[in-house]
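Subject: Structure handover

Hello,

Here is the structure I promised to pass on. Please load it before you read the notes.

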Amino acid sequence: MRRFLGRLAVLVVALPLATIVAPAAHAATAAPALVIGSDFPDPDVSRFGSTYYAYSTNNANGNVPVATAAALGGPWTRRGNALPTLGAWASGGLTWAPDVSVRADGRYLLYYTARSIATGRQCLGAATATSPLGPFSPV
């Protein structure tokens, strides 16, 4: 009887765990598709009109590289540097996490982080443009 109760206890614990841990037989994994086949980290993607715009953390292509596409799946075309000049308070090379939105007046607003020359810390900056491609000018 003791042996039976021991086996029953194992089944009571193991059976629910097996259903939680066991992978589904029908589940398949696939690698994500590469839509911009070059250095384009930490993108912000927005749709303005019928065009998608992707803005990247800085790299060799500028402070805020920008690319466009008619559909999220691409093809994407690199369009240059949306923020060629940082705010006077900022040093280059650490411009991260861009975010672009359209204001009520129709101008475009770019928020970004950059390294403060004075403090050595990452700080928020803002810039505006008349086009989502830029060039954005610091405010």
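The notes below cover the sheet, the nonpolar cores and one asparagine.

First, the ground rules. This is a predicted model, in which local features need pLDDT of at least 70 and side-chain atom pairs count only at pLDDT 80 or more, while totals for chains, interfaces and linings use all residues. Residues are numbered from 1 along each chain as its sequence is written, and side-chain values use heavy atoms, with hydrogens and water left out.

The sheet

Four strands form an open sheet in the order β5-β6-β7-β8, with antiparallel pairing. Strands here are DSSP runs of E with at least two residues, numbered from the N terminus. Two strands pair if DSSP finds at least two bridges between them. β5 (90-102) and β8 (137-138) are the edge strands; each has a single partner strand, so one side of each lacks a neighbour in the sheet.

β6 and β7 are antiparallel and joined by 8 bridges. Leu 110 has Ala 127 in β7 as its bridge partner. The hairpin of these two strands has 5 residues between them, and Gly 120 takes a positive phi near 75° there. β7 (residues 122-129) also pairs with β8 in the antiparallel sense, over 2 bridges. Thr 128 is bridged to Ser 137 in β8.

The cores

A nonpolar core is a set of buried Ala, Val, Leu, Ile, Met, Phe, Trp, Tyr and Cys residues joined through side-chain atoms within 4.5 Å. Buried means under 20% relative accessible area, with a 1.4 Å probe and protein chains only. The largest core has 17 residues; Tyr 55, Leu 83, Val 100, Leu 110, Tyr 112 and Phe 136 touch the most other members. β2, β5, β6 (108-116) and β7 each give two or more residues to this core. β6 supplies the largest share, 4 residues. A second, separate core has 7 residues, including Ile 36, Tyr 52, Ala 67 and Ala 69.

Asn 63

Where is Asn 63 placed? It lies in the loop between β2 (51-55) and β3 (65-69). Asn 63 is buried, at a relative accessible area of 13%. Its side chain reaches the backbone oxygen of Pro 84 at 3.4 Å. Leaving aside neighbours within four places in sequence, the contacts of Asn 63 (heavy atoms within 4.5 Å) include Ser 56, Asn 81, Leu 83 and Thr 95.

Best wishes

Technical notes. Buried < 20%, exposed > 50% of the residue type's maximum accessible area, 1.4 Å probe, protein only. Polar contact = N/O pair within 3.5 Å; in protein donor to acceptor, adjacent residues only side chain to side chain.
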